[in-house]
Every structure is written in C-alpha cells, then in structure tokens.
Amino acid sequence: MSDRRDETPSGRYETPSEGKRMSRVLRASAIMAAGTMVSRVTGFVRTAVLAAAIGTFALGEAYSVAYTIPLILFDLLIGGILSSVVVPMIVKRQRSDADGGRAYEQRLMTLGVVTLTLMAVLAVALAEPLISLYSTGWDPRQTEVAVRLAQFILPQIAFFGVGAIAGAILNTRDRFAAPMWAPVLNNIVMIGVAVTYYVKLGGAGTDVATITDADLALLGLGTTAGIVVQCVVLVISLHRVGFRFRPRFDLRNAGLGEMGRTGVWTFAYVGISQLGFLITTNLATGAGERAPGAGNAAYSYAYQFFQLPYGIIAVSVITAMLPRMSRGVADGQLDTVREEFSSGVRLVSVLLVPAGLLLMVLGPAVTVLIFSWGNMTVDSAVYIGNVLQVFGLALVPFSIFQLLLRVFYSFGDTRTPVFLAAGNVAVNATLSLVAYHTLPPRYIVMGLASAFTVAYVVGAAVAWILAARRVGGLAGRRVAAGLSRMYLAALPAAAFALGVLWLTQELTGLDALSAAIMLAAGGGLGMVLYLAIAHRTRIPEVSSIVGMVAGRVGR
C-alpha cells in the first residue's frame, strides 16, 4: 500500500492520517480549552479579590501556606498516580474486562473515598506540624492563624480527590468538558467568600493580631466549600455518562498489586517533587520575613499566573493525548504514539511561544491590573509582575517537559520520570540555595523563579533524549524547525508590546488604567500580529487554528 502524503501550504508533507489526528486533537483540546479559559479567567478574578482582601504580608503568607498543604497532600496521596497510573490502567481494564471495566472503576472509587477521608481527618489532626514544616521565621501568632486556617481547609483533600477520580474516569470516556468547567463554580464560590470577607473587615482584614476565629472560619470553610461544589458537579457528570457507584470492598480484584508496583515510582516522583517544593516554600517564606511583601505569597501568585497559559493550552492537549497514546501502546502501534506527541507538542508551542515572550514584557502590567486593589499596593503588584517575567522564560520548556512525561506514562513507565524529577530538584534546589544566600532579600524570590526556569530547560532536554529512545524518535528536527519559526514570528509581537510599554510609561505612570491599555494594545494587538505573521508564513498549526475559528464564525 502506498503512503500518500499531501503537501501543506508550508511545504511540509503530512499524511492524511496525521492531518486528521491533529484536527481531532485540536477539536478535543478546543472544548477543554474553552472551559479552562473560563476557569482561569474566573481564577484571575478570584486571585485578585482574595489578594485585595488579605494582602501579601503576614495573613497572605499564612493563607498561602495553609491553602497549599492540602494540594501537596493530594498530590502525594493520589494526584500523581491519576495521570501516570490510573488512566492507563482504566483504559486497559475497559478493553480487557468483560464488563468494560465498570467493576474496576467502582473498586477504584471505593478505595479513593475511604482512603482520602481517613487522610483528611489525619491531616486536620496534624495541622500544626504540617504548617511548621512549610514555614520559616514566623512568630507564634502568625503560626497560630495558619494552623487554624489549615484545619478549616484540609478537609477538602477528600472532596478534591473524589472529584479528581471522577474526572479521570470521565477522561477515559473522552468526556473532557466537565473536568474543565467544574473549577469555574469553585472560583465563583471563592470570589463570593473573599468579597464577603473584605466587606466585613476592610483594611483590618490583613491584621493577624486582631483577626478572630470566626473570620478565619469564613475564609477557610469558604475555601473548602468551593471544592465541595466542584466535586459534586464532577460526580453528577460521571453519573450522567452511565457510571453507577456501588461500594466494592473486594479489593483483591482491584489490581492493587499492579497499581502498587507501577505507582511506587509515581509516589517517589511526587515525593521528590514535593521535597523541591518544600525547599522553595521555606526559602520564599524566609525571604518574606527579610523583605515583607517579597515572599511566598508573591511567588505563589506569580506562579499561578504563569500556570494560566499552560493550564489553558497545554493541559487541554495533554488530557486529550494520554488516553490515545495509552491505546496506541496497548495496540502495539508506536507510530500512533509518535504522531500524537509530535502533533501535541506543536499545537502546544504555537500559542505558548508568544505567550511566554509577552509575559516577559508585560508581566508587571498584568499584575498591576489584577492586584493593585484593596489591601494591595502598586509596588507589591509590580513585584509580583517582576517574578512573573522570570517565569515567562520557563513556559515553553516546562510545558514540553510535562508532555514528555506522558510518553513514559503511556507505556506504564513511572520509573524514568522519578530520575528526571530527581535531576530537576537537584538543579532547582542548588540554584535556589545559591540565590537565597547571595541575592539581596528583595531579589530572592526572583532568583527562585530563575532556578525553576533553568531546572526545566535542563530537564526538558534530558527527558526528550530518553523519550526519543523509547519511542524510536520524536521528530525532533521537525519540532525544532517549527519552534524556530514560531519564535521568529513572535519576536515582532514582543517588540511591539515593548514599544507600547515604553510609550505608555512615558505618557503616564503605572496604574490599573495604564496597565489595561498596555495589555489591550501590547498584549492583544501583539498576539494578533503574531497570528498574522505566523499565518502568513504558513505555520500549519496556526493555519489549523485560524481555519477552525473561521469555520465556527461562518456557521
């Protein structure tokens, strides 16, 4: 049979199957990206309102650590194995079991509900040592406030975990919308809580010396309520696609042995990653004590905004890719794995390349627009933007690294990512410690972001080499050529944004209004300029996006 290949407008040849695959991934990713976009936009509002209510000083630092701990524990308990172990195993059991894997899914949900509930109760009991583990140099009152907040927030581990398992089962059925849209409701609930808190306390809401247990209950239980709503939506969505939860305690048939053998490496991966996070958090909280307002809260807010384009673009593609790559491995079709990865990395990069460059230019404009309200100052917002500018450098290598991990996970290989994580943490921790001990206090957090960037550049290069050996090549030359063309198309957009930034600052000072002008003119028109240049130079991924959008508008 001949292998017919069609020439694209760029002069690159694609098989018809590759074109169909890219179109399919693009459609699935677009559905998820739409939900993620709304989720992240409402997340922007949530973050801005919360920062306005509690600031980035003592209370902001305490809340940041208390809010992060349940996410860390979730990753340690189940989050890491969901994408690397559970999804491939569910796909395998759906193919091999006579009931299509239904009993296996019920056992998995039963195990998750029981284990996560017990872990949530234990975490609440251990709130004080957990807070002490992630803080440096706090006075007793700040520690007391953080512990009380953690006691209110830690129960969300159970709800977050059950919702995540429901989302994983939905993804194996190619139902991606609900997991991407459910966080919107969580954000709406949290916005309401933060607004209520600010209206009730005003400027006094940042003072840890006068804040009461009732105020902390509003803040902490409100945070947990948002996760409860998110979980309920996912469980209802799972019920609508035919899943019926029936508690099953015959766990001998749950494949725990296979999951344990495969998952032990994932636990190691998550543990190593969280060790790196522990180091970073302690260094950032220590920096905040030496330079108030330039500590862990600033780092966390900048990291959240760095995750915005990754969450909208890369996570959508990753979620669509993994089940398909897992099926390709199960069927012995490595060509499918290579093509899914190649098309995925190009689709991710085509928008992340300009996004990263624009973040490097317009980071302070983004954060001044979002954060210069309520109990926040313009200077504090600008500092968060400076950290965000450094994170902009990491956007593409970080996203490619995450895509590469899914190649290993599709093979059921959770061992190799552990060594990649160990290398990342070693590089990141070493450079972070150097930054902490050599930089002026106000620049330490920016140094931590730089260490993060270098670690993922190195990690992505090493992961690519290992993944290419596993699959028999990852079309490296084609991807490198595509990335080069994307960066060449994005440079004029970044230069245009820089010109808008300079002109606006010459005419007026930096405030929320001027920041909005910078983002609308520099960011918005800069992205339009990039898409126009990329479409003109016939970058096929941009042409696919433009064609899909034009088709939707024309209906």
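Axes here are lines fitted to C-alpha atoms, for helices over the stretch in contact, and the angle between two of them runs from 0 to 180 degrees between N-to-C directions. With that in mind, helix H16 (residues 476-507) and helix H17 (residues 512-536) of this predicted model pack at an angle of about 160 degrees, their axes being 8 Å apart. Because angles over 145 degrees count as roughly antiparallel, H16 is roughly antiparallel to H17. The crossing of these two helices, H16 and H17, is right-handed.

On the side of H16, the contact is made by Met-486, Ala-489, Ala-490, Pro-492, Ala-493, Phe-496, Ala-497, Val-500, Leu-501, Thr-504 and Gln-505, while H17 contributes Ser-514, Met-518, Ala-521, Gly-522, Leu-525, Gly-526, Leu-529, Tyr-530, Ile-533 and Ala-534. Sorted by class, the residues of the contact of H16 with H17 comprise 16 nonpolar, five polar and no charged.

**The protein as a whole**

The secondary structure of the protein consists of 18 helices and two strands. Of its 555 residues, 55% are buried, and the accessible surface comes to about 22400 Å², with 66% of that area belonging to carbon and sulfur atoms. Among the contacts between residues at least 6 apart in sequence, 83% join residues that are at least 24 apart.

Helix H11 (residues 334-371) packs with helix H13 (residues 395-410) at an angle of about 160 degrees, and their axes are 8 Å apart. That angle makes H11 roughly antiparallel to H13, and the crossing of H11 and H13 is right-handed. The residues of H11 that make the contact include Val-337, Phe-341, Gly-344, Val-345 and Val-348, and among those of H13 are Leu-395, Val-396, Ser-399, Ile-400 and Leu-403. By class, the contact of H11 with H13 holds 14 nonpolar, five polar and no charged residues.

**Individual residues**

| Residue | Relative accessible area | Class |
|---|---|---|
| Gln-156 | 1% | buried |
| Ala-475 | 27% | partly exposed |
| Arg-538 | 46% | partly exposed |
| Leu-118 | 54% | exposed |

Gln-156 lies in helix H6 (residues 156-172), and it counts as buried because its relative accessible area of 1% falls under the cut-off of 20%. When its neighbours within four places in sequence are left aside, Gln-156 is in contact with Pro-70, Leu-71, Thr-223, Thr-224 and Ile-227.

Leu-118 has its place in helix H3 (residues 102-125), and this residue counts as exposed because its relative accessibility of 54% is over the cut-off of 50%. The C-alpha atom of Leu-118 is separated by 9.8 Å from that of Ile-157, a residue 39 places away along the chain.

Ala-475 is in the loop between helix H15 (444-471) and H16, and its phi is near 55 degrees, a positive value in a residue other than glycine. Arg-538, in turn, is found in the loop between H17 and helix H18 (540-553), and its phi, near 60 degrees, is likewise a positive value in a residue other than glycine.

Definitions and conventions
Residues are numbered from 1 along each chain as its sequence is written. This is a predicted model: local features need pLDDT of at least 70, side-chain atom pairs count only at pLDDT 80 or more; totals for chains, interfaces and linings use all residues. Side-chain values use heavy atoms; hydrogens and water are left out. Helices (H or I, at least four residues) and strands (E, at least two) are DSSP runs, numbered from the N terminus. Angles under 35 degrees count as roughly parallel, over 145 as roughly antiparallel, 65 to 115 as roughly perpendicular and the rest as oblique. A crossing is left-handed if the near helix is turned anticlockwise from the far one by less than a right angle, and right-handed if clockwise. Contact means heavy atoms within 4.5 Å. Ala, Val, Leu, Ile, Met, Phe, Trp, Tyr, Cys and Pro count as nonpolar, Asp, Glu, Lys and Arg as charged, and the others, Gly among them, as polar. Buried means under 20% relative accessible area, exposed over 50%, partly exposed in between (1.4 Å probe, protein chains only). Accessible areas come from the Shrake-Rupley method with a 1.4 Å probe; for residues, only the protein chains shown count as cover.
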